[in-house]
Amino acid sequence: MHTRFEYPRLAADALAGDADATSSAVTHPIDDRVVLEAIARHQRRVAPRIHKLWLYYRNDLAETRSTRGWYRQAQEAGLPPRVTGAPAFDSPFDLGVRSENSIVLDDRARGRREVVVENDIAWRIHAMVDFMFGKPVRVMSTARDERLRQRIEQILDAAWEASGGIALLQDAALLGHVFGYVDFLVRVDPAIASLPGDAPAATLARAVRIEVVDPLRGTPILDPDDYRVIRAFATHDEREALELDAEHPGRRRRINVTEILADGWRRVFEDGRLIERSPLRLPAGETGVVHVQNIAQPFRYEGLSEVEPLIPLQDELNTRLSDRAHRISMQCFKMYLAKGIDGFGVTPVGPGQVWSTDNEDASIEAFGGDANSPTEEQHILEIREAIDKVSGVPPIASGVVRAKIGNLSSANALRITLMGVLSKTARKRVSYGRGMAGVCRLILGALDIAGVLKTGEDDRGVRFDWPDPLPDDLREKVATAEARVRLGVPPERIAQELGFAPTDPGIQ
């Protein structure tokens, strides 16, 4: 049976009841019923659509409903029934909705044919993530005071590393590339106010945690006058408790956990019951959530996904590859038509086999054998080229060099070949960099409120030193460094750009 995506249950009545019970003590400008309606709409409309994007990227395996041990892949949902030999509803995307036409089999399908699924989406997504965050990104403060600038850079670097470092950014980029957007969540430990201002950067960093929110479980409540402003943010998912279920012995009890961040407060509900309530300890009006669009989409909260435009081409490629596999299976071996020979269909045909008959009209005719199909090969090639153009990631980005590429001994020739993915990476660095800068501002604002590190609004600006995604050419780097020295650039800055630390021997 296919693995179905189970959406967390929403105990709306219970949650609303507990929320009303606490409303007498605290006034919340954001009505909890609005939050509940947003969560329900997200589970009903948004989650099924973006979950399909994840399935096409992941292309995971699932057992069939009829035969245990046999598996099907998620991308088979895009193949026609004449290939899979299965009803249209028998797919990984089955959400319990069946129409009258969905159970009609193609009249040419009497069984499962050769199914070929070549996932041309996943490796392209991985290549894009490698171009974005294949190397560490350096955070640099724009504060005017040098000592404050150094202190800020130490704390921010320690905060990112304590939360996962480059691995955290790679996870965020992966979710953003698949779903089209991703959200960062900044959490502040209540004990941060008790830390001294001269505490080590690593100690301060542990009081602030950066998390990545899965778009499947995160629900924003936007300002009605500005879609870019998040008034409230809710996460809702189902978890396993650390206790057994009384109604189902041998199973752990499953609970629905809802977290609402709004109006300076964090509230956590478990099965609709309020279990935690605490201040956010962030600047006024902040929910601790920083939104990042993968590729900017005007006037929309969601960004552009890298998976969505590739789905039709991926379905066409898998269909043609499956058709070719079926044709090869039918034509790659000889078939025989025997007339007037008794027992021909009983004894198998094999080397050294002799057949005899007294029938003068008897004959054996061979037919079949693989035949060339240039139009089929050309069509498949054109589909692959279309995927290259739509994604902007050619096969050479993963190390596959074709004969038509030519000589790539020059770094400029390589850049021209990868112009599509490089330009797309530069565009994404703007959106992801803006989100990372927003996270840094929240961290510095939380430290300022706690009295640990006093900073002004102008001191919280940062910029990022993005590494070159292409392999380094040491000769070109040295030549560029020598030219910059002649132009008067300080040697310390050039050494830093080359990857040397100020404390390394010979660096002055």
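## Charge over a ring

A charge sits over a ring if NZ of Lys or CZ of Arg is within 6 Å of the ring centre and within 35 degrees of the ring normal. This predicted model has such a case. The charged end of arginine 277 lies over the ring of tryptophan 265. The distance to the ring centre is 3.9 Å.

## Aromatic pairs

Eight aromatic pairs occur in the structure. Ring pairs also build a cluster. Its members are Phe133, Tyr432, Phe464 and Trp466.

## Helices H2 and H6

Helix H2 spans residues 32-58, and helix H6 spans residues 166-179. They pack with axes 9 Å apart, at an angle of about 110°. Angles of 65 to 115 degrees count as roughly perpendicular, so H2 is roughly perpendicular to H6.

On the H2 side, Ile50, Leu53, Trp54 and Tyr57 make the contact. H6 contributes Leu174, Leu175, Val178 and Phe179. By class, the contact of H2 with H6 has eight nonpolar residues, no polar and no charged ones.

## Helices H8 and H9

Helix H8 (residues 311-331) and helix H9 (residues 374-391) have axes that come within 10 Å. The axes cross at roughly 155°. An angle over 145 counts as roughly antiparallel, and H8 and H9 are therefore roughly antiparallel to each other. Their crossing is left-handed.

From H8, the contact draws on Leu313, Glu316, Leu317, Arg320, Leu321, Asp323, Arg324 and Arg327. From H9 come Glu376, Glu377, His379, Ile380, Ile383, Arg384, Ala386, Ile387 and Val390. In the contact of H8 with H9, eight residues are nonpolar, one is polar and eight are charged.

Notes:
Residues are numbered from 1 along each chain as its sequence is written. This is a predicted model: local features need pLDDT of at least 70, side-chain atom pairs count only at pLDDT 80 or more; totals for chains, interfaces and linings use all residues. Side-chain values use heavy atoms; hydrogens and water are left out. Axes are lines fitted to C-alpha atoms, for helices over the stretch in contact, and angles run from 0 to 180 degrees between N-to-C directions. Helices (H or I, at least four residues) and strands (E, at least two) are DSSP runs, numbered from the N terminus. Angles under 35 degrees count as roughly parallel, over 145 as roughly antiparallel, 65 to 115 as roughly perpendicular and the rest as oblique. A crossing is left-handed if the near helix is turned anticlockwise from the far one by less than a right angle, and right-handed if clockwise. Contact means heavy atoms within 4.5 Å. Ala, Val, Leu, Ile, Met, Phe, Trp, Tyr, Cys and Pro count as nonpolar, Asp, Glu, Lys and Arg as charged, and the others, Gly among them, as polar. Rings of Phe, Tyr and Trp (its six-membered ring) pair if their centres lie within 6.5 Å; planes under 30 degrees apart count as stacked, over 60 as edge-to-face and the rest as tilted.
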